[in-house]
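Here are a few notes to read alongside the model.

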Amino acid sequence: MHVFCGSVLYGKLAGVTVGYTITSSISLVAIKKAICFHKKGHAAYCKFSNNPYMIGFGIFQILLSQIPNFHKLTWLSTIAAATSFGYAFIGSGLSLAVVVSGKGEATSIFGNKVGPDLSEADKVWKVFSALGNIALACSFATVIYDIMDTLKSYPPENKQMKKANVLGITAMTILFLLCGGLGYAAFGHDTPGNILTGFGFYEPFWLVALGNVFIVIHMVGAYQVMAQPLFRVIEMGANMAWPRSDFINKGYPIKMGSLTFNINLFRLIWRSMYVVVATVIAMAMPFFNEFLALLGAIGFWPLIVFFPVQMHIAQKQVKRLSLKWCCLQILSFSCFLVTVSAAVGSIRGISKNIKKYKLFMYKQ
């Protein structure tokens, strides 16, 4: 089971890096569009290809991917976390301004209003896709063990992470509920997948652009936080398979002025090739919401629910068919249904987009 768990875990990490490349390019294009709309008017033709921005983001990630160890990402992770608060508050503030001004859309708890371009069946599919996006919010669990591995042994890692989880999940829940709730209150069933790139807001254009700058900075750091554990496991495997290979294990010091870098040929080639492949895949399928929903669906049930539940049952020796055992299994099965629904909805959305757009020719 641990092999299956590891396969899903590292597969999801790889998928998330593709998703972050898509997200970054969309936000970079949104910055250019915000400036274009401000100069030429809201009705102007302001569509641009995502590809140059994905390529630029990929080149930058190739450079950052040469950071040798996960524990050296503290500064990058801190900056990324800080900017996430920035764009969340900007999106929430702009949505709140729309609601307060009385321009918000009519909404209801059950979402009964169906627009002329959206059938009831389409709305159900969108709900399924939204479940996947919500599930993706739990993606921090995929790197929690690697983070724990970098902590000092005193105080115990599990006690440190318990505090971090409580603070992190509380902050994350508040921010996401603010963005989602206020966004829906502002735009109703027309709420874009990303309220800062869907151009529900045009002015102040500089604030919209700033929010997208924060998103890009966050994605730059988050990409490495997700990719480094994958890099590490492949390199550890190669080291175990060929312990005497200089190509895999030897480092070559390179001086640039007063700085000295230790270059490993295997790390340089493997990590660069990985970023290139991830960037090409992102360019082929730049469908933001559906792709992220699929990633969330794939990783949610096995990584966030099933394996933790099974480990808890084994650790606490919960008796089979006892009340607690049955409740845990019902919880696991319910989340499995959520994963299946979200996966089906997101796959349907991706298939529709692939038919609608030509590969590598997408413009936003």
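1. A disulfide here means a pair of cysteine sulfur atoms within 2.5 Å. In this predicted model, Cys36 and Cys46 are joined by a disulfide, with an S to S distance of 1.9 Å. The count by this rule is one disulfide. Cys36 sits in helix 1 (residues 2-40) and Cys46 in the loop between helix 1 and helix 2 (51-64), ten residues apart.

2. The torsion about the S-S bond of Cys36 and Cys46 is about -70 degrees, so this disulfide is left-handed. Cys36 is buried at 9% relative accessibility, and Cys46 is buried too, at 3%.

3. What about Cys326 and its closest cysteine sulfur? That sulfur belongs to Cys327 and lies 7.0 Å away, too far for a bond. Cys326 is partly exposed at 29% relative accessibility, and Cys327 is partly exposed at 45%.

4. Turning to the rings, the whole structure holds eleven aromatic pairs. One of them, Phe247 with Phe266, is edge-to-face, at 6.0 Å centre to centre and 75 degrees between the planes. Phe247 is in helix 8 (residues 246-249) and Phe266 in helix 9 (residues 265-284), so the pair ties together parts 19 residues apart in sequence. Phe247 is partly exposed at 39%, whereas Phe266 is buried at 16%.

5. There is also an aromatic cluster formed by Phe4, Trp301, Phe306, Phe307, Phe333 and Phe336.

6. Finally, helix 4 (residues 120-136) has 17 residues and spans 25 Å from first C-alpha to last, close to the expected 24 Å. Its buried residues include Asp122, Lys123 and Ser129.

Note on methods. Residues numbered from 1 in each chain as written. Predicted model: local features only at pLDDT ≥ 70, side-chain atom pairs only at ≥ 80, totals over all residues. Heavy atoms only, no water. Phe/Tyr/Trp six-rings, centres within 6.5 Å; stacked < 30°, edge-to-face > 60°. Helix = DSSP H or I, 4+ residues; strand = E, 2+ residues; numbered from the N terminus. Buried < 20%, exposed > 50% of the residue type's maximum accessible area, 1.4 Å probe, protein only. Expected span 1.5 Å × (residues − 1).
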